[in-house]
Amino acid sequence: MTQLNTAIPTEVLQKITQDSEKIIFHYDLKDQGCLTVLGDFVDVWGIKLKDVDFHPDLLLDSVFIEDKEDVKDMISLLASMPYAANMEFRIVNGDQSLRTMYASLSSNVGEDGSVDWIGGLVEDISARRLYEENTYEYSARKNSVLEILKHDLSGQVAMVKNIAELLFEKAKAPEQDSLALQKKIGLIRDISKQSIDFIMEITKDEYTSSVEMPLNITRFDIVKRICDVIDTYKLSQPIIGKKFDFSYSNKIIMVELDDVKFIQAINNLISNALKFTSEDGEIIVRIEDREDQLFLSIQDDGIGIPKEFHDSLFERYTMARRPGLKGEKTMGLGMSIVKTMIERHQGKIWFESQENVGTTFYIEVPKSIEQNS
């Protein structure tokens, strides 16, 4: 019969925590307040452990003033009775930056009925909290934009609808006033243009803002995610009229990147390829797993990029911006944002293009990057 040993050796715990952003601590109240810590204390707390040995009050002194009373109350509670709780608090790091800590705490009662130690796990969740705050802010701004679109744009679209209905009825009449019809059609054209310009202006600001948000690194299958993007385009294939060819070196390729932002960059490249490829054209997407690197290419057989624009294509508000084959408007920000996003993922992007032959974009990024990149 196998016997379960609940005591985990110290060296095992040390191995578990050495590559982690967490520390395990044990504070012995009976042994003159002896503090034992496993993990990289300096990285998590920002204080050298030897300094804490001589000055334990440094731990409490580093707690942000607004959270200090809550931490004191929790310590008093843990020291008075067996208790377990989780809490968040902020500390002021050595460089005066503010960090958010998450602690799972518990205390233990000895044979004499009093608490003999306090222990637990502490981790720095600053990056996570910053991402959540920025996500909340971005979501609030998005909702505000939707409200603007609903109120400011719906009126114009309703006007176009009413004029179109009027034209439909007029068209039934045996005798038509062609000049009056032309004026109404011109009104539809002008209102539609204003609405499109309005949408482009708002989405330009939102697109730029999203790039500036911190990366949220997650583990995901890049093959599946890009397949989902292509499947979405294929649903409208009778409309866009292009063919897709998607291939990959492995059926599953796991990466640790910002799923939303990285796929946003890929989606932008595919969208551009569609804009500048004729109705019977083809978009070819390739993914290769190259050990610790990910290699992607997005190729089209469209109109290509004129040679005089090659050097400036990735510049902000580049002169290389052109309307699509169907007149699709461009902000001139797309390639600049794509390049910024790829570089934020510690990668690089380049292209080859020939007029009336097509364009191929190449991307190479690490399969795994750090959260604070």
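**Close-up views of a predicted model**

**View 1. The buried side of helix 5.** In this predicted model, the residues of helix 5 that count as buried are Asp-67, Lys-68, Val-71, Met-74 and Leu-78. These residues lie on the same side of helix 5, because they cover an arc of only 135 degrees around the axis. The opposite face, turned away from the buried side, carries exposed residues, namely Ile-65, Asp-73 and Ser-80. Helix 5 itself takes in residues 65-80, which makes 16 residues, and from its first C-alpha to its last it reaches 24 Å, close to the 22 Å expected at 1.5 Å a residue.

**View 2. Strand 5 and its two partners.** Strand 5, made of residues 115-124, is mostly covered, with 8 of its 10 residues buried. One of its partners is strand 1 (residues 22-28), which pairs with strand 5 in the antiparallel sense over 7 bridges; within this pairing, His-26 has Gly-119 of strand 5 as its bridge partner.

**View 3. The turn between strand 4 and strand 5.** Strand 4 and strand 5 form a hairpin in which 5 residues lie between them, and Gly-113, in the turn, has a positive phi of about 85 degrees.

**View 4. Asp-300 and its surroundings.** Asp-300 is placed in strand 10, which covers residues 293-300. Asp-300 counts as buried because its relative accessibility is 11%, and the cut-off for buried is under 20%. The side chain of Asp-300 reaches the backbone nitrogen of Gly-302 at a distance of 2.9 Å. When neighbours within four places in sequence are left aside, the residues in contact with Asp-300 are Ala-273, Thr-277, Glu-282, Ile-283, Val-357, Gly-358 and Thr-359.

**View 5. Two loop residues with a positive phi.** Most residues other than glycine have a negative phi. Glu-291 is not a glycine, yet its phi is positive, at about 55 degrees, and its place is in the loop between strand 9 (282-290) and strand 10. Asn-356, which is not a glycine either, has a positive phi of about 65 degrees and lies in the loop between strand 11 (348-354) and strand 12 (358-366). Is each of these residues buried or exposed? Glu-291 is exposed, with a relative accessible area of 71%, and Asn-356 is exposed, with a relative accessible area of 68%.

**View 6. The whole chain and the confidence of the prediction.** The chain has 11 helices and 12 strands, and buried residues make up 38% of its 373 residues. Among contacts between residues at least 6 apart in sequence, 63% join residues that are at least 24 apart. The pLDDT averages 77 over the chain, and 63% of the residues score at least 70. Where pLDDT is low, the predicted coordinates should not be read in detail.

How values were computed:
Residues are numbered from 1 along each chain as its sequence is written. This is a predicted model: local features need pLDDT of at least 70, side-chain atom pairs count only at pLDDT 80 or more; totals for chains, interfaces and linings use all residues. Side-chain values use heavy atoms; hydrogens and water are left out. Helices (H or I, at least four residues) and strands (E, at least two) are DSSP runs, numbered from the N terminus. Buried means under 20% relative accessible area, exposed over 50%, partly exposed in between (1.4 Å probe, protein chains only). A polar contact is a pair of N or O atoms within 3.5 Å; within protein, one must be able to donate a hydrogen and the other to accept it, and residues adjacent in sequence count only if both atoms are side-chain atoms. Contact means heavy atoms within 4.5 Å. pLDDT is the predictor's confidence in each residue, from 0 to 100. The expected span of a helix is 1.5 Å times one less than its number of residues. The arc is that of the directions from the helix axis to the C-beta atoms. Two strands pair if DSSP finds at least two bridges between them.
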